[in-house]
Amino acid sequence: MHDIRAVVDREFREVNALIIEQLESDVDMVENIGHYIVEAGGKRLRPVLALLTAAALGSCTPRHICFAAVIEFIHTATLLHDDVVDLSELRRGRPTANAAFGNASSVLVGDFLYTRAFQLMVSLDDMPLLAQMADTTNAIAAGEVLQLARAGDPETTEAQYMDVITRKTAVLFAAACRGAAQLHGCDAALQQRLYDFGLNLGIAFQMVDDLLDYEGDTATMGKNVGDDLNEGKPTLPLIHVLRTGNDAQRRVVHYAIAGRDASALAAVVAAVDDCGSLAYTRAQAELHRDRALSALDGLEDGDALAALATLAHRSVDRNA
């Protein structure tokens, strides 16, 4: 990400400074947990998307800086809540906030970050943008509920899986891109194209995340391999086995999902390998990557546009 962020390095540093400033609170726990998760690093992919989109359209204004911070606060809040729901213990190579501070504290600080995001949104005084972000945040929450409802359900279809990842992951990518265009006053058609870019990029990114849970390693990813299986998540590699595998392969995956049983990880990995399910998942991710790239056609060439295209490629060609 370093070479991609370099295109908007000054603006990226301004976003980080604003995030730290907006974490200030007279409640120590808010600052402690907020700094803990923000300073853990990560790709900062979503705010970078907003900044690069703004740069590709002409320039990053102070309003774009504020908007990028909003995007990161919303994302960080979802991480705090997700880790509690999923009982996760490791993220970005260190204990999750809930493992370090407890579930209750993590949930409540997540709420603080959501509300801080909307305080910043109100300061932009842009009702259409505020409406878009309200809808986006609601969609993310609904996606998380859907994912929870599907957990442990081996009857989940690929269409249902796509619905979940579109809501819980891809819509924030899409909102980051469209929001940057809205702040530039772009017409509806261009806003939609950039929304489509972000949406397809987000879908591809999540598919690769789900793939890496069966072919990655803990040291590289910074989280435990097999977490999805332990949580009973019927992700695309498993859905593909259930659709195409033989009786024995389908049986092992069915019972692993239904029993939320990570102890069956080795057998499940063998099944997704033998069925070509990882290759299928990667091919679907590449399809959405290509759709994302197509949405950039016609934009003015430049470093920011090239960085967006590189980001689309790397969303698929990565090991963490």
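Is Phe173 buried or exposed? In this predicted model, Phe173 is buried, because its relative accessibility is 0%, below the 20% cut-off.

**Around Phe173 and Gly198**

- Phe173 sits in helix α9, which spans residues 158–183.
- Setting aside residues up to four places away in sequence, Phe173 touches Leu45, Arg46 and Leu49, along with Gly198, Leu201, Gly202 and Phe205.
- Gly198, one of those partners, belongs to helix α10 (residues 188–215).
- Gly198 is buried as well, with a relative accessible area of 0%.
- Beyond its neighbours within four places in sequence, Gly198 is in contact with Ala170, Phe173, Ala174 and Cys177.
- Between Gly198 and Ala176 there are 7.4 Å from C-alpha to C-alpha, with the two residues 22 apart in sequence.
- Phe173 and Val316 are 143 residues apart in sequence, and their C-alpha atoms are 15 Å apart in space.

**Salt bridges**

- Side chains of opposite charge can pair when their charged atoms come close.
- The whole structure contains 14 salt bridges.
- One of them joins Arg44 to Glu72, with 3.8 Å between the closest N and O atoms. This pair links distant parts of the chain, 28 residues apart: Arg44 is in the loop between α3 (28–38) and α4 (45–56), while Glu72 is in helix α5 (residues 62–86).
- Arg44 counts as buried because its relative accessibility is 10%, and Glu72 is buried with a relative accessible area of 3%.
- Arg250 and Asp247 meet in a salt bridge at 2.4 Å, N to O. Both lie in helix α14, three residues apart, which is about one turn of the helix.
- Arg250 is partly exposed, at 30% relative accessibility.
- Asp290 pairs with Arg289 in a salt bridge whose closest N and O atoms are 3.0 Å apart. Asp290 is partly exposed at 37% relative accessibility, whereas Arg289 is buried at 13%.
- A network of salt bridges connects Arg10, Glu11 and Glu14.

**Positive phi outside glycine**

- Asp125 has a phi near 55°, a positive value in a residue other than glycine. Asp125 lies in the loop between α7 (103–124) and α8 (127–150).
- Asp125 counts as exposed because its relative accessibility is 70%, over the 50% cut-off.
- Arg260, also not a glycine, has a positive phi near 45°. Its place is the loop between α14 (247–259) and α15 (265–274).
- Arg260 is partly exposed, with a relative accessible area of 39%.

How values were computed. Residues numbered from 1 in each chain as written. Predicted model: local features only at pLDDT ≥ 70, side-chain atom pairs only at ≥ 80, totals over all residues. Heavy atoms only, no water. Helix = DSSP H or I, 4+ residues; strand = E, 2+ residues; numbered from the N terminus. Buried < 20%, exposed > 50% of the residue type's maximum accessible area, 1.4 Å probe, protein only. Contact = heavy atoms within 4.5 Å. Salt bridge = Lys/Arg side-chain N within 4 Å of Asp/Glu carboxyl O.
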